[in-house]
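Here is a short report on a few local features. The sequence and structure come first.

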Amino acid sequence: MLLHEFRPGRLIAGATALALAVMYAGDAADAWETPWYEVVPVLFGGLGVAAVATWIAYGVRRRAARTASSEKEDAPASTSGSQAIR
């Protein structure tokens, strides 16, 4: 059992931030030169890929929840908890 659900968009956004940190750390250590205009495509490309991955993961989770709620045998009405009316 997982402690929390997998979020691929956050993983990709974190990897993008790590890549940017490595780029600037290498520049600060004089290992290489990192111009500012190389950072912009990495940042926006990584965040764009993260957004697409989040959108796809949302669709997969939504489809799984819809399938679980439409089954009549031993399936809860909702995967997020009780929906009892008070």
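Is D30 buried or exposed? D30 is exposed, with a relative accessible area of 70%. Here buried means under 20% relative accessible area, exposed over 50%, and partly exposed in between (1.4 Å probe, protein chains only).

This is a predicted model: local features need pLDDT of at least 70, side-chain atom pairs count only at pLDDT 80 or more, and totals for chains, interfaces and linings use all residues. Residues are numbered from 1 along each chain as its sequence is written, and side-chain values use heavy atoms, leaving out hydrogens and water.

**The loop.** D30 sits in the loop between α1 (8-28) and α2 (36-70). Helices are DSSP runs (H or I, at least four residues), numbered from the N terminus. The phi of D30 is positive, about 60 degrees, although D30 is not a glycine.

**Between the helices.** T16 is found in helix α1. L43 lies in helix α2. T16 touches V42, L43, G46 and L47, not counting residues up to four places away in sequence; contact means heavy atoms within 4.5 Å. T16 and F44 are 28 residues apart in sequence, and their C-alpha atoms are 9.2 Å apart in space.

The accessibility values are these:

| Residue | Relative accessible area | Class |
|---|---|---|
| D30 | 70% | exposed |
| L43 | 30% | partly exposed |
| T16 | 9% | buried |

Conventions: Helix = DSSP H or I, 4+ residues; strand = E, 2+ residues; numbered from the N terminus.
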